[in-house]
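Morning, everyone. I'll walk you through one structure today.

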Amino acid sequence: TFSYINFLLTFDRCYPDYQRIYQVWNSYDVEGFRGLSSMQWYPMGEAMAHEMPPVEAATVAKGMFRYNFYVGDEPYDVRFLAVDSSFFDVLDFGVVTGDPKQILTDPGQIMLSESMARRMFGDREPIGQVVRFKNETDKVVAGIFRDPPVNQHLGRFDAVVSVELIFNSYGHGWEGGDSWPVYVKLKPGARVGDIEPLWDDFYGRHGLDDAIATWNMRHLLIPVTESAMVNSERKQTCYMLAGLALLTLFVACLNYVLVSISTMVNRSKTVGMLRCNGAQKRDIFSIFCWETALLTAVSLVLTGLLIACFSDQIRSVTYYEVAELFAPGRIYVPLAVIVGAFMLAALIPASIFSAIPLHAAFRGVADNRRRWKQSLLFVQIASITLVFSFLTVTSLQYDKLRRGDRGYRPDNLIY
């Protein structure tokens, strides 16, 4: 769960200088309809780059498109974006070979991802090869870029082509061409606040005043790292999952602590005998830490086996492969959780048992910690009740969505 949360909250951090990259959004409020839209006029990006001093570069990227590309008679299912020549200046996934500035101004050329190039051509040199778009139009492979990471909001695409390829399907002027996501990269040291005073003059120069007034529109720059969160409940979902996971982990650790403490009466003489034979407090502390570490290691092995067995189910729920959730660059999250859980579960019992006096070997230890244990037990039961109640309500709500009255008869209805 924590790996999944981290995966969702670290979208779009794959670009160099991602802190300076923003997506242009507009807020609108007209006749009771209000919201945020990422669709802008096609010329806006280039105009912002030329007319707004804080902007270093700007690009448009339209997608996701999905068509068959043919190599000979062999079809390949290709997902691609239509972008302008500044795409890699802003959203740089890493160019392996080729000049995007030249390639992305020519509708007859295409750039492929490394994995798609290997699929299509194997060990052959892909540059200069010809693929047929929808088995109708030849495209020359002129560049290769690195495979985009999965946790970025543009999606899993295999190729980029010039925006000119889709000009016949989408308007690309200041009138009627508002169907394009626009991204800008600010100059070092520039701030979003530097852009705000420039909008009014920008609208006037391009004849947008009427459209802005009609839609009660206001443009704003949102960090690209938050693009996947806009008009989405992803962040709220992450917070809910994090709260539920932390509470469940806390209950599990607390349960282990209570089980360990409940053995104090029986194990106190053992600890006392160890003290009689020269063991120091730090030795007792170490023994109980190693005991917890061993149990933690066993539980990790079992957890790994469960994850491997249910990898298909995990993918169907999260829409991502297990290998992507536990990629080397993100493995620090589960490791941090494991260390935190280990410290909570190990340090409390180890501290209590290492404080057992030497004379316990002869007199034993009375169980005089009843109130303390009762308090811990109350916290545990309350936490379990909260988790159970939350899951029950969520299950009932989901069942209501599936089986509740939709206002129409779904029998024999086909989508």
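Let me start with one residue. R66 is found in strand β4. A word on labels: helices (H or I, at least four residues) and strands (E, at least two) are DSSP runs, numbered from the N terminus. R66 is exposed, because its relative accessible area is 53%. The classes are these: buried means under 20% relative accessible area, exposed over 50%, and partly exposed in between, with a 1.4 Å probe and protein chains only.

Now the ground rules. This is a predicted model, where local features need pLDDT of at least 70, side-chain atom pairs count only at pLDDT 80 or more, and totals for chains, interfaces and linings use all residues. Residues are numbered from 1 along each chain as its sequence is written, and side-chain values use heavy atoms, with hydrogens and water left out.

T105 and S162 are 57 residues apart along the chain, yet their C-alpha atoms are separated by 5.8 Å. T105 sits in the loop between α4 (100-103) and β7 (109-113). T105 counts as partly exposed, because its relative accessibility is 40%.

Next, the strands. β4 covers residues 55-71 and β5 covers residues 74-83. In which sense do β4 and β5 pair? Antiparallel, over 9 bridges. For pairing, DSSP must find at least two bridges between two strands.

β5 has another partner. Strand β10, residues 159-162, pairs with β5 in the parallel sense over 4 bridges. Here A82 has V161 in β10 as its bridge partner.

On to salt bridges. The rule is a side-chain nitrogen of Lys or Arg within 4 Å of a carboxyl oxygen of Asp or Glu. How many salt bridges does this rule give? The count is 13.

Take D17 and K185. They form a salt bridge, with the closest N and O atoms 3.7 Å apart. This pair links distant parts of the chain, 168 residues apart: D17 is in the loop between α1 (2-9) and β1 (21-30), and K185 is in strand β12 (residues 182-186). Is K185 buried or exposed? K185 counts as buried, because its relative accessibility is 9%. D17 counts as partly exposed, because its figure is 37%.

Next, E51 and R205. Their side chains meet in a salt bridge, 2.9 Å from N to O. Again distant parts of the chain are linked: E51 is in helix α2 (residues 44-51), R205 is in helix α6, and they are 154 residues apart. E51 is partly exposed, because its relative accessibility is 30%. R205 is partly exposed too, because its value is 49%.

One further pair is D138 with R132. Their closest N and O atoms are 2.6 Å apart. D138 is partly exposed, because its relative accessible area is 41%. R132 is partly exposed, because its relative accessibility is 28%. And there is a network: salt bridges that share partners join D17, R20, E56 and K185.

Last topic, the surface patches. Patches are made of residues with over 30% relative accessible area and no salt bridge; like charges are joined within 9 Å, and nonpolar side chains (Val, Leu, Ile, Met, Phe, Trp, Tyr) within 5 Å. Areas come from the Shrake-Rupley method with a 1.4 Å probe, and for residues only the protein chains shown count as cover.

Which residues gather in the negative patch? D200, D201, D209 and D210. The elements that give two or more residues to this patch are α6 (199-205) and α7 (209-214). Asp and Glu count as negative, Lys and Arg as positive; His and the chain ends are not counted. A charge is placed at NZ of Lys, CZ of Arg, CG of Asp or CD of Glu. D200 is found in α6. D200 is exposed, because its relative accessible area is 60%.

The nonpolar patch is about 400 Å², made by F250, L344, I348, F378 and V379. Helices α13 (332-354) and α15 (370-403) each supply at least two of its residues. I348 is found in α13. I348 counts as partly exposed, because its relative accessibility is 31%.
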